[in-house]
Amino acid sequence: MKNIQKKLDDNIQYIQYLFNQTSDLVVRNLKFGNEKSENAAILYIDGIIDTKIIQDVVIKPILYFEETVEVKNNLINLVSEVIESVNVKTNSEFQDIVDAIVNGKTAILIEGHDIGIIVDTPMWNERSIEEAHGERIPVGPTIGLTEKLKSNINILRSIIKSPMLCVENTEMGLISKTKVSIIYMNGIVEKGVLEKVQSRLSNLSVKYILEARIIDEVIEGQKSIFNLNKTTERPDVLASALYEGKVGVIVDGTPFAIITPSLFIDAFQTPDDYYFKAGRFTTRIIRLMGFFLSVYLPAIYVTLEKFHQDEYSKKIVKSLFSDGELLPAFWEMLFLIILLKMLTDASFRIPKSAIILISLVATIVIGETAVTAKIIHPASLITIGITFLASFLIVYRGLADSMATLRFIFLLIAVFWGFSGLIVGTTILILYMTNLKSAGVPYLTPLIPFRYEELKDTLYRGDLKTLINSKHSYPEDN
């Protein structure tokens with residue numbers, strides 16, 4: 001059956017069949033009207049609805065409903081009117097009734113009527129608003145997004161108090177539907193970017209969505225070692241991006257937002273850049289230097305050790321490259337990179353009480369013991385230490401993952417082809433990045449293609465008043 005039938009018992013049995021006779025589907029039968037002549041059933045899933053709301057705004061008004069002969073044929077509309085809830089809808093299809101019930105709503109079916117009433121009565125468990133732990137800053141707002149879509153929209157609207165803020169809601173998933181919101185500032189948003197996001201999401205067909213990564217990949221539209229969208233758990237970062245004409249996407253159940261287009265230069269910007277007076281000309285350049293050090297430093301060390309030892313004195317060679325160690329420079333770099341990666345990964349998953357123990361063991365294994373046992377050279381340890389410290393300058397996780405991939409690629413190039421290979425590899429990398437597009441916008445904008453008017457918030461932070469009053473524009477995808 002597709003549509004609701006007039007026989008109440010048949011409707012109840014079919015809904016129970018669709019829910020596979022699950023025990024938490026509650027069917028509450030009741031009689032109402034002047035002589036209790038009308039039969040109705042209230043259906044909901046126990047545990048995800050507020051029973052007090054059902055009692056006060058649904059059951060009581062229906063039981064006290066006074067029926068007359070004149071309103072007999074208009075019963076559904078009149079019952080809908082007496083229900084004391086802001087969100088009351090009617091529907092004639094079983095699928096819509098089922099979707100409403102699994103989303104924490106209550107369905108009301110009445111004998112002799114082929115239309116159901118849907119009342120909003122959810123009570124979802126959710127954590128309170130907390131600090132954005134992954135994007136901490138010394139100055140500025142500290143709250144982060146939560147797993148509940150409505151709460152995130154509430155937070156965002158508390159920041160952007162404007163009717164220009166538009167939220168387009170849709171549901172995705174064939175087995176289980178998940179709410180997804182496309183957010184933008186009407187009149188400011190880049191129309192081409194918005195149309196690409198809407199088009200790509202409309203073509204997505206999946207059974208279910210448990211995480212936002214599938215949405216992220218669909219919006220990207222192409223596979224790349226670089227993240228072509230930015231993710232953030234900070235509502236102020238999302239608000240700033242919307243003011244710049246970008247598009248945000250929030251998936252219910254995910255405590256972060258997707259921002260597109262995302263450019264290479266965006267990874268070197270942090271929210272606290274706009275709170276401090278000092279560092280507006282140097283902070284981002286230092287972060288860019290950190291990017292290059294993190295990617296190239298191990299490769300440069302291996303190149304110097306393998307191809308250029310003869311150009312230095314024995315004292316320098318002994319101090320920097322070789323003093324009878326067991327492993328060559330390349331394997332030292334590879335060993336340390338993997339070991340530090342294991343340490344970083346473990347630190348996020350082990351109990352907090354064990355982090356100190358892991359740090360102590362890692363210090364002994366990676367540092368003192370490995371050097372004393374002549375397994376690795378002290379200079380190799382220093383090189384990798386600087387490499388990882390430089391990578392921590394890039395707060396944005398998306399670029400950090402790309403840096404790890406590039407570091408390994410250039411390390412392999414260095415061990416076979418030295419500086420010539422690094423130069424060729426860098427040229428290929430620049431050409432590759434030039435061809436990348438984020439929602440149709442060149443990834444290296446405004447550096448390639450060069451756009452002087454957009455440099456005011458790239459490697460340096462321009463005057464705040466100028467930034468706030470300026471209109472950002474993005475080159476079109478030709």
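User: How do the residues lining the largest pocket divide by class?

Analyst: The lining of the largest pocket has 20 nonpolar, eleven polar and twelve charged residues. Here Ala, Val, Leu, Ile, Met, Phe, Trp, Tyr, Cys and Pro count as nonpolar, Asp, Glu, Lys and Arg as charged, and the others, Gly among them, as polar. This is a predicted model, where local features need pLDDT of at least 70 and side-chain atom pairs count only at pLDDT 80 or more, while totals for chains, interfaces and linings use all residues. Residues are numbered from 1 along each chain as its sequence is written, and side-chain values use heavy atoms, with hydrogens and water left out.

User: What volume does the largest pocket have, and which residues lie nearest its centre?

Analyst: About 1500 Å³. Gly134, Phe348, Val395, Arg397 and Ala400 lie nearest the centre, out of 43 lining residues. On a 1 Å grid over the protein atoms alone, a pocket is an open set of points with protein on both sides within 12 Å along at least five of seven lines, a cavity is a set where a 1.4 Å probe fits but cannot get out, and lining residues have an atom within 4 Å of a point. Points are joined across faces, edges and corners, and a volume is the space filled by probe spheres set on them.

User: Which element gives the most to that lining?

Analyst: α14 does, with eight residues. β8 (230-232), α11 (329-347), α13 (378-391) and α14 (397-435) each supply at least two. Helices (H or I, at least four residues) and strands (E, at least two) are DSSP runs, numbered from the N terminus.

User: Nice. What about the second largest pocket?

Analyst: Its volume is about 1200 Å³. It is lined by 39 residues, and Asn103, Glu171, Lys177, Lys179 and Asp252 are the closest to its centre. By class, that lining divides into 13 nonpolar, 13 polar and 13 charged. The largest share, six residues, comes from α4.

User: Tell me about that helix. Which of its residues are buried?

Analyst: In α4 (94-102), Phe94, Ile97, Val98, Asp99, Ala100 and Ile101 are buried, meaning under 20% relative accessible area with a 1.4 Å probe, protein chains only. Those buried residues pack against α1 (8-18), β1 (25-32), β2 (38-45), β3, β4 (105-110) and β5. Following α4 is glycine 104, with a positive phi near 85°.

User: Last topic, the fold. How many helices and strands?

Analyst: The chain has 15 helices and twelve strands. Its radius of gyration is 30 Å, well over the 23 Å that the globule rule gives for 478 residues, so the chain is more spread out than a compact globule. That radius is taken over C-alpha atoms, and the rule is 2.2 Å times the number of residues to the power 0.38. The C-alpha trace spans about 105 × 50 × 40 Å along its principal axes.

User: What share of the chain is buried?

Analyst: Buried residues make up 45% of the 478.

Technical notes
Buried < 20%, exposed > 50% of the residue type's maximum accessible area, 1.4 Å probe, protein only. Contact = heavy atoms within 4.5 Å.
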